[in-house]
Amino acid sequence: MGVIARLAEGAEVPLFLVVGAGGRLAADDLHLQRGVRVVDTPRAAALLVVVGRITRALLHPALVVHDQLPLPRATLWMPTDTEGDADPGGLMAAFPAVTTADVGNADEFRTVFADLVSGRRPSDPPALPDMEPAHWRGVGPYGHGGAGMTGGVPFGRALPSRAPDPDGLELDQLPLQLGPLHPALPPGLVLHVGLQGDVVRQVAVGTNPYQVWPGDPSPGPLDTALFVDALRAPTPVADLELARARHHLRWAARALRLQGLGALGRRLAILARSLTAGDRGTVESLSRRMTKRRSLAWAMAGVGVADGELLDGLEARLVTGPVRRAAGQAEDARDHDPAYEGLGFEPVVHREADAWARFRQRLAEATQAMDLAERAGTRLRQPGPALEGPRGTLHPDTAMPTTALLELLPDLLAGMEWGDAVTTVASLDLDVEEAALPTLTPASGSRMVGIPAAPDYQNGGGGAKTRP
Amino acid sequence: MNWSSPLPALLLVGAVLGLGAYAVAVLDGAAALVTARQRLPLGDIVIGPLRQAALAARTRRSTTERPDLQAWALAPALLAGMAAGAVATVPFGPDTAVADVDDGIVAFGAVMAVVMVGVYLHGWSANSPLPLVGGYRFIALALSYEMPLALVLIAAALPAESLSVGAIVESQYDLWNVVRQPLGLPLYLVAGTGLAFWGPLNGADGADLAGGTSAEVSGPARLMWALSRRFVLVAVAVMGAAVFLGGWQGPWLPAPLWMALKTLALLAVLVAAGHRLARVRLERFVVVAWVVFIPLALVDVFVSGALAL
């Protein structure tokens, strides 16, 4: 075997992640795994890693991404639901070849990768036929698939239409679907955007790919599973607060990665992974240093202002949690929770309501959670409604916090540069999967999801060979 | 030195760019580990970039629907060729420049303007929206980098009373330009970071665009683009070392070694900044560039001019 091949075998394994139902935590942990590197585009990956249970709506995008991986490539699957049926629909069979790996077993990655690079394992063939995704040739007066001179959907992708820009000029607007596998958006989030250059003119949230069809197992385990379970079972307050601190640190790690500070984020994620009650000082000093970073403030201050007016208007009045508190409103279910009485709990509040306020809000809440965990000792929280989760108030009869946050997106993102839009979406800490749960009541009727349907320019990006 | 045969010139420029790009990769890996407070055996840090390159070389190129193949291949070549042209104007010792032409500074500024073409072509040719947006971004920002860059270089040429890089190096015999013109180097590094779309100014290939202009590139083409980008960064550092840090001049050590050390120091600053500074908001950066950086660069020119009179 040549020198090049031997060198290549030792390289960090480049992975592109498809986060299925219940796969969020395991996917986050892969960012910390030694010897692997999670990459931003399938074109840079050697392994496609499906984490958790793939859903029907995720399958086609995942297969498209699969075919975007360059050769040699392989597919790995990390089921996270070890008790139930990990793939009830048999959907994984749609991939040409799948190797199953245990969660957190990096050796499996290395073995598959080494076999692949050395040629001992054949590369995956494409999963989909290489054909144009829509019939368009010869359609319309000029044969370009459209009705007039412009317009039309050659290659199945809509050509730019015209729309006014902020200066009143009529400029090209490119309809585009981003997600559900876009690495800069939360897993599963689908945005239908109208882009003028780098500026997002229109936004609509697409169909939730984690939606539950009749006969499907319900989503999860969610990354906030401990909090959801605490609605029904006695749980130590210290455990809840440690989990809250861990959640916020993980979130901050993701937000930093999107700001180009992946290494710094990694430091927070490593701390989160092994967080114990004794780490209070570390959390506090790290949070303080993060919130003093000028360049971070520069990147986030004034971006994505979701103030009280916006939160109370529209139908989004159910917005709770750090997003509401970062808008200056001290609403926190722990305020009225008997389990927190006498712990000296005061809601943390920031006033500016922008992405920077939400960043500082969550880091401050992480530090506060470490304090509460220390003070709570062995105190138990008895089951009861209205538990404050890390994304907002959990209540058996109301929708999960992300549901309301998703409704904010169209108003919040319209008019932003794409980079700011990514910052804003990250600052809301969305979990699209939890939004697929109608409510937490097991007996609730409809299992369909209250997310606005895709707009009619939806076909603007479903090409077989486009972006992730 | 006699450059009548092209071979030594090619070797010199190739060695500077190649070793420089390798140094950037090693420094970058080390800086990431330090920032994350992680440890890795030194061997892995040193060999890591070579392993990545080997993997890229063994990965097949992929394609998109109807790409502009010529332009796609041309883009990294433009960037690399431009960096080579820039490095050629810089002396690595007394009379050791490939082409210490009379107006080397102007030549440097001129080739640096080609980055814009290379990056836009790279974004354009994949025939895919996210790379194209990356290309737009660079076009929108390029002038904000190139104006301060050109101005601070002109200011550095004033005390030397020459546009030749060799003469500028020699004019710093008594006092380095980094001290004589304190505004120069910081502005130069900001502009240089932008031209190499590096770290906080990586709008063109940013993570928010899934890799921007390189979102659709794989295998050897991806490796070539990554290398070319680092070549630009190295060219910026080499010129910075010559124009602001006294170039090859220094006691005890041989001249080329001084050049190498100063270049490495600047590369370390650029790489560390990439891990410490958050992605810059593009529109805001343009405002700051025109309201703060360009006026400061003009002040630099006027003050340097007055002092040189």
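In which loop of chain A does Ala353(A) lie? Ala353(A) sits in the loop between α11 (321-325) and α12 (355-376) of chain A; helices (H or I, at least four residues) and strands (E, at least two) are DSSP runs, numbered from the N terminus. Though not a glycine, Ala353(A) has a positive phi of about 65 degrees.

A word on ground rules: this is a predicted model, where local features need pLDDT of at least 70, side-chain atom pairs count only at pLDDT 80 or more, and totals for chains, interfaces and linings use all residues. Residues are numbered from 1 along each chain as its sequence is written, chains are lettered from A and ligands numbered from 1 in the order in which they are written, and side-chain values use heavy atoms, with hydrogens and water left out.

| Cis bond | Omega | Loop holding the proline |
|---|---|---|
| Leu71(A) to Pro72(A) | near -5 degrees | between α3 (56-68) and β4 (74-78) of chain A |
| Gly179(A) to Pro180(A) | near 10 degrees | between β7 (170-178) and β8 (191-196) of chain A |

Now the interface. Chain B puts 50 residues into the contact and chain A puts in 61 residues, contact meaning heavy atoms within 4.5 Å. Together the two chains bury about 4,700 Å², 56% of it on carbon and sulfur atoms; that is the accessible area (1.4 Å probe) that two parts lose on being put together, summed over both.

The rule finds 3 salt bridges across this interface, each a side-chain nitrogen of Lys or Arg within 4 Å of a carboxyl oxygen of Asp or Glu. Asp198(A) and Arg137(B) form a salt bridge at 3.0 Å, N to O. On chain B's side, the elements giving two or more residues are α1 (6-36), α2 (42-58), α5 (129-160), α10 (255-276) and α11 (282-308). The most comes from α2(B), with 7 residues.

One helix pair spans the two chains. The axes of α7 (residues 262-273) of chain A and α1(B) come within 7 Å and cross at roughly 35 degrees; axes are lines fitted to C-alpha atoms, for helices over the stretch in contact, with angles running from 0 to 180 degrees between N-to-C directions. From α7(A), the contact uses Ala263(A), Leu264(A), Arg266(A), Arg267(A) and Ile270(A), and from α1(B), Ala32(B), Thr35(B) and Ala36(B).
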